[in-house]
Amino acid sequence: MGSQLAGNVNRAGAGWWAVALCALFVAFYTASAHAQDLSELPFPLLEKVEAARQACSDFESGQFALELGAVHRIDLDGDIQRDWVLDEAGFACSTAVSLYCGTGGCMSHFLIEDRMFSLLNQGWDMANIGPFRVLLADVHGSQCDGNNPTPCVVASVWDADEMVWRSTGAEWE
């Protein structure tokens with residue numbers, strides 16, 4: 001019976017350590033989700049983050065957080081180099097729930113080389129269509145002659161010669 005009791009004590013001790021390690025992991029993971037490393041963020045995007053941080057601080061001394069997933073590295077222009085995207089959907093302010101986003105969506109800032117373009121959207125993705133990298137963005141329904149719940153998507157292609165995004169409203173018949 002004594003050896004059985006000792007075995008139960010060892011299991012209890014092991015269980016305590018497992019709980020402690022899980023708690024430590026959760027604390028570390030939560031902290032890292034609110035503090036992304038900005039050391040490599042290009043200056044134009046860093047300016048956006050600093051402006052958002054200041055806006056939050058100015059609003060009832062709020063605390064700003066850059067959520068995990070706010071910064072993306074993805075090939076936007078098809079040159080096989082990873083470009084930068086900063087999504088304000090990943091901005092958080094402790095004193096204002098909707099400081100950065102509204103019914104139209106959130107701003108996303110797309111940086112290719114030294115050119116930054118911003119788009120109000122409710123989500124975006126990249127696709128390959130033929131030889132083109134295409135930015136697909138869910139935008140406010142007013143851009144499709146409707147209102148907010150009207151489905152509306154814009155497709156844009158990077159023009160490397162002119163260094164601009166190209167989009168069109170198709171003429172449907």
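**Exercise 1. Decide whether Phe91 is buried or exposed.**

Start with the number: Phe91 has a relative accessibility of 7%. The cut-off for buried is under 20%, so Phe91 counts as buried. Keep in mind that we're working with a predicted model here.

**Exercise 2. Place Tyr100 in the fold and say how accessible it is.**

First, find Tyr100 in the chain: it's in the loop between strand S4 (91-93) and strand S5 (101-102). Next, check the relative accessible area of Tyr100, which is 13%.

**Exercise 3. Work out what surrounds Tyr100.**

Skip the neighbours within four places in sequence, and Tyr100 still touches Ala52, Cys56, Phe64, Glu88, Phe91, Ala92, Cys93 and Cys106. Now zoom in on Ala52: its backbone oxygen lies 2.8 Å from a polar atom of the Tyr100 side chain.

**Exercise 4. Classify the ring pairs that Tyr100 makes with Phe64 and Phe91.**

To describe a ring pair, you need the distance of the centres and the angle of the planes. The structure holds 7 aromatic pairs. Take Phe64 and Tyr100: 6.0 Å centre to centre, with 85° between the planes, makes an edge-to-face pair. Phe64 sits in strand S1 (residues 64-66) and Tyr100 in the S4–S5 loop, so this pair ties together parts 36 residues apart in sequence. Both Phe64 and Tyr100 are buried. Now do Phe91 and Tyr100: the centres are 5.3 Å apart and the planes are at 85°, so that pair is edge-to-face too.

**Exercise 5. Find which residue has its charged end over the ring of Trp84.**

Look at Arg73: its charged end sits over that ring, 3.9 Å from the centre.

Technical notes
Residues are numbered from 1 along each chain as its sequence is written. This is a predicted model: local features need pLDDT of at least 70, side-chain atom pairs count only at pLDDT 80 or more; totals for chains, interfaces and linings use all residues. Side-chain values use heavy atoms; hydrogens and water are left out. Helices (H or I, at least four residues) and strands (E, at least two) are DSSP runs, numbered from the N terminus. Buried means under 20% relative accessible area, exposed over 50%, partly exposed in between (1.4 Å probe, protein chains only). Contact means heavy atoms within 4.5 Å. A polar contact is a pair of N or O atoms within 3.5 Å; within protein, one must be able to donate a hydrogen and the other to accept it, and residues adjacent in sequence count only if both atoms are side-chain atoms. Rings of Phe, Tyr and Trp (its six-membered ring) pair if their centres lie within 6.5 Å; planes under 30 degrees apart count as stacked, over 60 as edge-to-face and the rest as tilted. A charge sits over a ring if NZ of Lys or CZ of Arg is within 6 Å of the ring centre and within 35 degrees of the ring normal.
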